[in-house]
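These are my notebook entries on a single protein chain. I set down what I looked up and the terms I used.

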Amino acid sequence: MDAPVPGAIVGSHIPQESSRGCPVHQLREQLRHAGLRPTRQRISLGWLLFAKGDRHVTAEMLYEEATRARVPVSLATVYNTLHQFTEAGLLRELAVDGSKTYFDTNVSDHHHFFVEGEDDLFDIPNSGLSVEKLPEVPDGMEVARVDVIVRLRRKP
């Protein structure tokens, strides 16, 4: 079994803030700035999400990490928190299949490779793709972003 994630809630204790430069303090400020109240569950899930750098997770993956770290949350709370973080601009939601949604901690404009059968999603390097000749958008609309997911499979 994995050891608890440093700074995650273990039992009912929130990590202590030792200074203004503390990652937990920064996460609290980031949540407040995004218009979200920094609840224990948001802090704990945010720590699990953002402490490991840029990554792609599903709600189920984050729920498993939270369980291993002894963070007391339900799968429904994980889904709700991921959607709240996405609406606040802290995450980017990527619908890969009709039934599979990933959440990306890197919210910058970039595209992805998806390895079919392995459910592995990873970034395409910025220099690797350009999108040209987008269709004309209807009146009163503008392009918010373009998501390109290149599907890969292993050669036989």
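**Entry 1: terms and source.** I count a residue as buried under 20% relative accessible area, as exposed over 50% and as partly exposed in between, with a 1.4 Å probe and protein chains only. I work from a predicted model, in which local features need pLDDT of at least 70 and side-chain atom pairs count only at pLDDT 80 or more, while totals for chains, interfaces and linings use all residues. I number residues from 1 along each chain as its sequence is written, and I take side-chain values from heavy atoms, with hydrogens and water left out.

**Entry 2: the chain as a whole.** I took helices (H or I, at least four residues) and strands (E, at least two) as DSSP runs, numbered from the N terminus. I found four helices and six strands in the protein chain. Read from the N terminus, their order is α-α-β-α-α-β-β-β-β-β. I noted that 35% of the 156 residues count as buried. For contacts I used heavy atoms within 4.5 Å. Among contacts between residues at least 6 apart in sequence, 48% join residues at least 24 apart. The chain exposes about 9900 Å², of which carbon and sulfur atoms supply 50%; this area comes from the Shrake-Rupley method with a 1.4 Å probe.

**Entry 3: helix α2.** I asked which residues of α2 are buried. They are Arg42, Ile43, Ser44, Leu45, Gly46, Trp47, Leu48 and Leu49. Helix α2 spans residues 40–50, and eight of its eleven residues are buried, so I recorded it as largely enclosed by the rest of the structure. I then looked for the cover over these buried residues, and it includes α1 (23–33), β1 (56–57), α3 and α4.

**Entry 4: α2 against α3.** I describe two packed helices by the angle between their axes and the distance between the axes. I used axes that are lines fitted to C-alpha atoms, for helices over the stretch in contact, with angles from 0 to 180 degrees between N-to-C directions. The axes of α2 and α3 come within 10 Å and cross at roughly 110°. That makes α2 roughly perpendicular to α3; in this scheme angles under 35 degrees count as roughly parallel, over 145 as roughly antiparallel, 65 to 115 as roughly perpendicular and the rest as oblique. From α2 I listed Leu45, Leu48 and Leu49 in the contact, and from α3 Leu62, Glu65 and Ala66. By class I count five nonpolar, no polar and one charged residues in the contact of α2 with α3. Here Ala, Val, Leu, Ile, Met, Phe, Trp, Tyr, Cys and Pro count as nonpolar, Asp, Glu, Lys and Arg as charged, and the others, Gly among them, as polar.

**Entry 5: Glu65.** Is Glu65 buried or exposed? Glu65, placed in helix α3, is buried, with a relative accessible area of 8%. Leaving aside neighbours within four places in sequence, I found Glu65 in contact with Leu48, Lys52, Arg55 and Val57.

**Entry 6: α3 against α4.** I looked next at α3 (residues 59–68) and α4 (residues 75–87), which pack at an angle of about 120° with their axes 9 Å apart. The two helices are therefore oblique to each other. In their contact, Ala59, Glu60, Leu62 and Tyr63 of α3 meet Leu75, Val78, Tyr79 and Leu82 of α4. I divided the residues of this contact into seven nonpolar, no polar and one charged.

**Entry 7: positive phi.** Arg70 has a positive phi of about 60° although it is not a glycine. I located Arg70 in the loop between α3 and α4, where it counts as partly exposed at 41% relative accessibility. Lys133, also a residue other than glycine, has a positive phi near 55°. I placed Lys133 in the loop between β5 (120–123) and β6, and noted that it is exposed, with a relative accessible area of 82%.

Entry 8: I found Asp120 in strand β5, partly exposed at a relative accessible area of 36%. Leaving aside neighbours within four places in sequence, Asp120 is in contact with Tyr102, Phe113, Phe114 and Val115. Arg153 lies in the segment after β6 (149–152) and is exposed, with a relative accessible area of 68%. I noted a C-alpha to C-alpha distance of 8.6 Å for Arg153 and Glu118, which are 35 residues apart in sequence.
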